[in-house]
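Subject: Handover of a structure and notes on its contents

Dear colleague,

Please find below the structure that I am handing over to you. My notes on what was found in it follow directly after.

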Amino acid sequence: MSHFTEVATKIANKELLVACLKELGYTVEEKTTIKGYRGQETPVDIAVRMRQGYDIGFTLGPDGTYSFVADWFGVQGTNQQEFTAKVQQQYALTTVIDQISRQGFNVVEQQREATGEIRLVVRRWV
Amino acid sequence: MDKQELEITIDTNGKVSIKVAGAKGGQCLDITKPIEEALGEVKVREMTPEYYEQPAEPFKVRSNQR
């Protein structure tokens, strides 16, 4: 073992964010609006269309990272904490797999632990 | 040929931990740095003894002593 690294994920790459939302099974639209209380609309860069209730969106902030936008009170089928955690984990996984593939690594093991953590083992020969 | 292996854990908040095996010297940083940069902010980076076996170049490392 040579070194150990710990990174807190920031959502900054649009293509990877869209890919990760699709992998989670959501319908995604870009440059649109989402509805909230009393039909009010707010513009978002990326919208996740929910089957029922209000939609969830993402806006790109001045720091180059995406924030979650929703009228969470009217979101059905998930909640803020669950949705945020799910997207952050999937985004991290999508990003990691994208990066390691570029470096010639192959995934040899992937599993979800009882704790909800995703564990990956990747390998390459040099 | 040498085998290089990474063990990657992604917790439920998207926090990623990477352990590198089989890379010596500064080589492991070349592997993990692009991943770290794509993800965000590095919280912790610890060098394990293998890192010092074959220093490829002078490199400043935070002291492990308290």
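Two residues are in contact when heavy atoms of theirs lie within 4.5 Å of each other. On that basis, the contact between the two chains draws on 45 residues of chain B and 33 residues of chain A. Please bear in mind that this is a predicted model.

The interface between the chains

The area buried between chain B and chain A comes to about 4000 Å², and carbon and sulfur atoms contribute 56% of it. Two salt bridges are counted between the chains. One that can be named pairs B:Glu5 with A:Arg123, where the closest N and O atoms are 2.6 Å apart. There are also 13 residue pairs in polar contact between chain B and chain A, with both residues at pLDDT 80 or more.

On chain B, the elements that each supply at least two residues to the side touching chain A are strand 1 (3-10), strand 2 (15-21), helix 1 (27-39) and strand 3 (40-47). Helix 1 of chain B gives the most, with 10 residues. By residue class, the side of chain B that touches chain A consists of 20 nonpolar, 10 polar and 15 charged residues.

Two residues at the interface

The side chain of B:Gln4 makes a polar contact of 2.7 Å with the side chain of A:Arg124. Leaving out residues up to four places away in sequence, B:Gln4 touches residues of chain A including A:Phe105, A:Val122, A:Arg123, A:Arg124 and A:Val126. In chain B, the residues that B:Gln4 touches include B:Ala21, B:Gly22, B:Ala23, B:Gln27 and B:Ile31.

From chain A, A:Gln99 belongs to helix 2 (residues 80-102). A:Gln99 has a relative accessible area of 13% and is therefore buried. With residues up to four places away in sequence not counted, A:Gln99 touches B:Pro34, B:Ile35 and B:Ala38.

Chain A as a whole

Chain A contains two helices and seven strands. Read from the N terminus, these elements follow the order β-α-β-β-β-β-α-β-β. Along the principal axes, the C-alpha atoms of chain A fill a box of roughly 60 × 35 × 20 Å. Of the 126 residues in chain A, 44% are buried. Among the contacts in chain A between residues at least 6 apart in sequence, 34% join residues at least 24 apart.

A:Gln111 has A:Arg119, in strand 7 of chain A, as its bridge partner. Five residues lie between the strands of this hairpin, in which A:Gly116 takes a positive phi near 95 degrees.

In helix 1 of chain A (residues 14-23), the residues A:Leu16, A:Leu17, A:Val18, A:Cys20 and A:Leu21 are buried. Their cover includes strand 2 (27-35), strand 3 (41-49), strand 4 (56-60), strand 5 (66-69) and helix 2 of chain A. The N-terminal end of helix 1 is capped by A:Asn13, a side-chain oxygen of which lies 3.0 Å from the backbone nitrogen of A:Glu15. Just after helix 1, A:Gly25 takes a positive phi of about 90 degrees.

Helix 2 of chain A is also the place of A:Phe83. With a relative accessible area of 0%, A:Phe83 is buried. Neighbours within four places in sequence aside, A:Phe83 is in contact with A:Leu21, A:Tyr26, A:Val48, A:Ile56, A:Phe58, A:Phe68, A:Trp72 and A:Thr78. One of these, A:Phe68, is 15 residues away from A:Phe83 along the chain, and their C-alpha atoms are separated by 9.6 Å.

With kind regards

Conventions: Residues numbered from 1 in each chain as written. Chains lettered and ligands numbered in written order. Predicted model: local features only at pLDDT ≥ 70, side-chain atom pairs only at ≥ 80, totals over all residues. Heavy atoms only, no water. Buried area = accessible area lost by both parts, 1.4 Å probe. Salt bridge = Lys/Arg side-chain N within 4 Å of Asp/Glu carboxyl O. Polar contact = N/O pair within 3.5 Å; in protein donor to acceptor, adjacent residues only side chain to side chain. Helix = DSSP H or I, 4+ residues; strand = E, 2+ residues; numbered from the N terminus. Nonpolar A, V, L, I, M, F, W, Y, C, P; charged D, E, K, R; others polar. Buried < 20%, exposed > 50% of the residue type's maximum accessible area, 1.4 Å probe, protein only. Pairing = 2+ DSSP bridges.
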